[in-house]
Each structure stands twice: as structure tokens, then as C-alpha cells.
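Have a look at the structure first, then read on.

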Amino acid sequence: MRNYLIILLAAIAAASSGFFVVDQREVGIVKQSSKQLQIYAPGLHWKIPFWGELTFIYTNLRSSYLASSQLLHTTKGQGFSANVIVNWQVIKPEVYFVYLNSNGVKNLDVQIATVVSNKLLNLASKSSSLSAFEEQVNSQLKNIAEPELGINFVNIGLVQVNPVTESTVPVDNLKTMSAESAFNLAQQIKKQADETQQQAQEKLRTKNSKFYDYFMKIYNLSNNAESK
């Protein structure tokens with residue numbers, strides 16, 4: 001009788017271990033085989049204990065801070081760089097899950113940055129001025145689905161647009177320039193870039209102080225991560 005009671009209690013404990021709760025901000029995915037996935041909506045669920053790997057996928061809005069990886073140009077040749085906040089969310093959890101398992105988080109970040117950079121390049125090439133570029137970004141970069149990643153870009157918002165004064169020194173002159181002259185030129189270019197960035201940050205702080213504080217936290221964290 002005692003043995004039966006122990007077996008019954010063990011069975012109850014094993015069965016109860018199959019219960020799990022999916023948060024309102026997530027969906028649950030159980031990988032039953034290499035190709036078969038079971039999706040669970042928010043709420044209380046039960047699955048066969050110790051069968052299938054349970055993963056929670058966050059589906060609420062996320063934000064990523066990105067800086068354009070290359071110099072952008074308007075139709076009139078004005079060079080500039082742009083920093084943006086990308087708001088995105090998972091809309092196809094199973095696709096997103098498979099992509100992450102196959103490629104990893106770092107590759108996902110690279111793909112997001114590549115997609116955003118290409119869209120910024122495309123809009124810059126159609127804009128006659130920086131203000132026109134800003135208007136196009138604010139009006140066009142919304143609700144962009146990326147089915148291969150299983151995500152949707154809710155919107156891409158500009159944080160900074162930094163005009164760049166490109167060097168007018170011919171390449172041939174740079175090759176024959178002395179080391180001291182080249183260093184002085186590099187210092188001038190850096191000084192101009194720093195002043196432009198400072199002006200852009202002051203403009204952002206005046207326009208939206210709360211967002212400026214949020215941006216600076218991300219900016220400082222990014223610099224600290226790069227230094228490490």
C-alpha cells in the first residue's frame with residue numbers, strides 16, 4: 001500500500017510539472033521535433049512533462065538604437081550620417097524562433113541594422129535636403145514587415161542627423177602630404193565632426209529633453225561596451 005502511495009505521489013508531482021504560464025507579453029513555443037513547433041498563447045497551459053523544449057518569445061514592442069554604418073548623401077551631394085531608434089516587434093513567433101536557432105541573436109542584430117541602413121540610403125538618395133530626408137523618414141518608415149525574420153518594424157525614428165563636411169583635399173595631395181600636415185588635417189576634420197555632433201545633441205535636448213536623456217544613456221552604454 002505504501003509503495004502504491006509513493007508511486008501515486010510521484011505521478012502527481014510529474015504531471016504537475018507539466019503546467020506552465022505564458023505571460024501576456026509573450027508566447028510559448030515547444031519544439032517537439034526538428035520541424036514541428038507548438039505555439040501557446042498567453043495563459044495557463046500543460047504539456048507532457050520532460051517532452052519538448054519550452055521557449056518564451058517576447059512579442060511586445062522593442063527598441064534598438066542604430067547609427068548609419070556609412071555616409072549618406074542627398075541628391076545635391078550633401079553628406080551626412082543619421083542615428084535612429086528602431087521600434088519593432090515579433091509578429092511571427094515560429095519564424096523568429098527558427099531564425100534565432102539557426103543564426104543567433106548577433107546575426108539578427110546585423111540583419112536589422114542592414115535593413116535599416118538600406119532604407120536610409122534609399123531615402124537619402126531621393127532627398128534634395130536634410131529636412132526633406134527627415135520628412136521622408138518620419139512619413140514612410142512605418143509598419144514595415146520583414147517576413148524572413150518574423151518581425152515588423154513599427155517605426156524608424158530619427159534621433160540625430162549630422163551633416164558632414166567632407167574633405168576637399170584631392171586624394172593625390174593626401175598621398176604626398178607630410179605626416180604632420182595629414183595629422184593637422186585629421187584633427188580639423190575631427191573637430192568639425194565633434195562640433196556638429198554637439199550641435200545636434202543640443203538641438204535634440206531643446207526639442208525633447210526626456211528623449212535626450214534616454215538617448216544619452218544608450219549612447220554612453222554603447223561607448224562603454226565598445227571600449228570593453
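This is a predicted model. In it, helix 2 (residues 93-103) packs against helix 3 (residues 105-124) at an angle of about 115 degrees, and their axes are 7 Å apart. Angles of 65 to 115 degrees count as roughly perpendicular, so that's what helix 2 is to helix 3.

**Where the two helices meet**
- Helix 2 brings Tyr96, Tyr99, Leu100 and Asn103 to the contact, while helix 3 answers with Val105, Asn107, Leu108 and Gln111.
- Sorted by class, that contact of helix 2 with helix 3 has five nonpolar residues, three polar ones and no charged ones.

**The largest nonpolar core**
- This core has 31 residues, and Trp88, Val116, Phe133 and Phe153 are the ones with the most contacts inside it.
- At least two residues each come from strand 2 (26-31), strand 8 (79-90), helix 2, helix 3, helix 4 (130-140) and strand 10 (151-164).
- Helix 3 gives the largest share of the core, with seven residues.
- Leaving aside residues up to four places away in sequence, Val116 touches Leu66, Val84, Val86, Phe153 and Ile156.
- As a rule, nonpolar side chains in soluble globular proteins tend to be buried together.

**A closer look at helix 3**
- Buried residues in helix 3 are Leu108, Ile112, Val115, Val116, Ser117, Leu120, Leu123 and Ala124.
- Its length checks out too: at 1.5 Å a residue, the 20 residues of helix 3 should span 28 Å, and the end C-alpha atoms are 29 Å apart, which agrees.

Definitions and conventions:
Residues are numbered from 1 along each chain as its sequence is written. This is a predicted model: local features need pLDDT of at least 70, side-chain atom pairs count only at pLDDT 80 or more; totals for chains, interfaces and linings use all residues. Side-chain values use heavy atoms; hydrogens and water are left out. Axes are lines fitted to C-alpha atoms, for helices over the stretch in contact, and angles run from 0 to 180 degrees between N-to-C directions. Helices (H or I, at least four residues) and strands (E, at least two) are DSSP runs, numbered from the N terminus. Angles under 35 degrees count as roughly parallel, over 145 as roughly antiparallel, 65 to 115 as roughly perpendicular and the rest as oblique. Contact means heavy atoms within 4.5 Å. Ala, Val, Leu, Ile, Met, Phe, Trp, Tyr, Cys and Pro count as nonpolar, Asp, Glu, Lys and Arg as charged, and the others, Gly among them, as polar. A nonpolar core is a set of buried Ala, Val, Leu, Ile, Met, Phe, Trp, Tyr and Cys residues joined through side-chain atoms within 4.5 Å. Buried means under 20% relative accessible area, exposed over 50%, partly exposed in between (1.4 Å probe, protein chains only). The expected span of a helix is 1.5 Å times one less than its number of residues.
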